[in-house]
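Below are my notes on the model, in numbered points. Please read them beside the coordinates.

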Amino acid sequence: QVHVVESGGGLVQAGGSLRLSCAASGYTFVSYTMGWFRQAPGKEREFVATIVWSGNGYTTTYYADSVEGRFTISSDDARATAYLQMNSLKPEDTAVYYCAFDESRLGLSRLRIGRYYDYWGQGTEVTVSS
């Protein structure tokens, strides 16, 4: 059973930065997709960013338009640990951030859709004050 744990949320002023971490354990990973989704109060869950690791050291990253250029996702490859560096934070980034993990390389048609990820963390809250 894969276990996913996030950390790193908190309160920050607008324009500030936070770094979220996510670790997946419980399986020997050959390849994976690990991403971040967020859900603000009263809103639906939305895709933030994801990274696809192909098992040969090659990774590909994808971002939502709303965070492109401000957020950076990276991974520790075979250790199945991902990081989301969030810079220039805005009040509209306030949400609970969830790490999602799948043991496969999700294709372009699926990697932005939460239901295709098999494992989820418990969520970590990010609050950006104006």
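1. I begin with the disulfide and its surroundings. C22 is buried, and so is C99, where buried means under 20% relative accessible area, exposed over 50%, and partly exposed in between, with a 1.4 Å probe and protein chains only. The sulfur atoms of C22 and C99 are 1.9 Å apart and form a disulfide, a term that covers a pair of cysteine sulfur atoms within 2.5 Å. The link of C22 and C99 is left-handed, with -85° about the S-S bond. C22 sits in strand β3 (residues 18-25) and C99 in strand β9, 77 residues apart, and the pair thus links distant parts of the chain. A search of the whole structure finds one disulfide.

2. On provenance: this is a predicted model, in which local features need pLDDT of at least 70 and side-chain atom pairs count only at pLDDT 80 or more, while totals for chains, interfaces and linings use all residues. Residues are numbered from 1 along each chain as its sequence is written, and side-chain values use heavy atoms, with hydrogens and water left out.

3. Overall fold. The chain has zero helices and eleven strands; helices (H or I, at least four residues) and strands (E, at least two) are DSSP runs, numbered from the N terminus. The radius of gyration of the chain is 14 Å, close to the 14 Å that the globule rule gives for 130 residues, so the chain is as compact as a globular protein of that length. That radius is taken over C-alpha atoms, and the globule rule is 2.2 Å times the number of residues to the power 0.38. Along the principal axes, the C-alpha atoms fill a box of roughly 40 × 25 × 25 Å. Buried residues make up 45% of the 130 residues.

4. Contact order. A contact means heavy atoms within 4.5 Å. Among contacts between residues at least 6 apart in sequence, 60% join residues at least 24 apart.

5. Aromatic pairs. The count comes to six aromatic pairs, the rule being that rings of Phe, Tyr and Trp (its six-membered ring) pair if their centres lie within 6.5 Å, with planes under 30 degrees apart counted as stacked, over 60 as edge-to-face and the rest as tilted. One of them is Y32 with F101, a tilted pair at 5.5 Å centre to centre and 35° between the planes. Y32 lies in strand β4 (residues 32-39) and F101 in strand β9 (residues 95-102), so the pair ties together parts that are 69 residues apart in sequence. Both Y32 and F101 are buried.

6. Which geometry do the rings of Y117 and W120 adopt? Their centres are 6.3 Å apart and their planes at 65°, so the pair is edge-to-face. Y117 is buried, with a relative accessible area of 3%, whereas W120 is partly exposed at 27%. F37, F47, Y117 and W120 form one aromatic cluster.

7. Charges over rings. The criterion is NZ of Lys or CZ of Arg within 6 Å of the ring centre and within 35 degrees of the ring normal. R19 lies over the face of Y83, at 4.1 Å from the ring centre. The charged end of R45 sits over the ring of F37, 5.8 Å from its centre.

8. T33 is found in strand β4 and counts as buried, at 0% relative accessibility. T33 and A80, 47 residues apart in sequence, are 9.1 Å apart in space, C-alpha to C-alpha.

9. T124 has its place in strand β11 (residues 124-129) and is buried, with a relative accessible area of 12%. A polar atom of the T124 side chain lies 3.1 Å from the backbone nitrogen of G9. Not counting residues up to four places away in sequence, T124 touches E6, S7, G8, G9, L20, A95, V96 and Y97.

10. A49 is in strand β5 (residues 46-53) and is buried, with a relative accessible area of 0%. Residues touching A49 include W36, Y62 and L84, again not counting residues up to four places away in sequence.

Notes: Polar contact = N/O pair within 3.5 Å; in protein donor to acceptor, adjacent residues only side chain to side chain.
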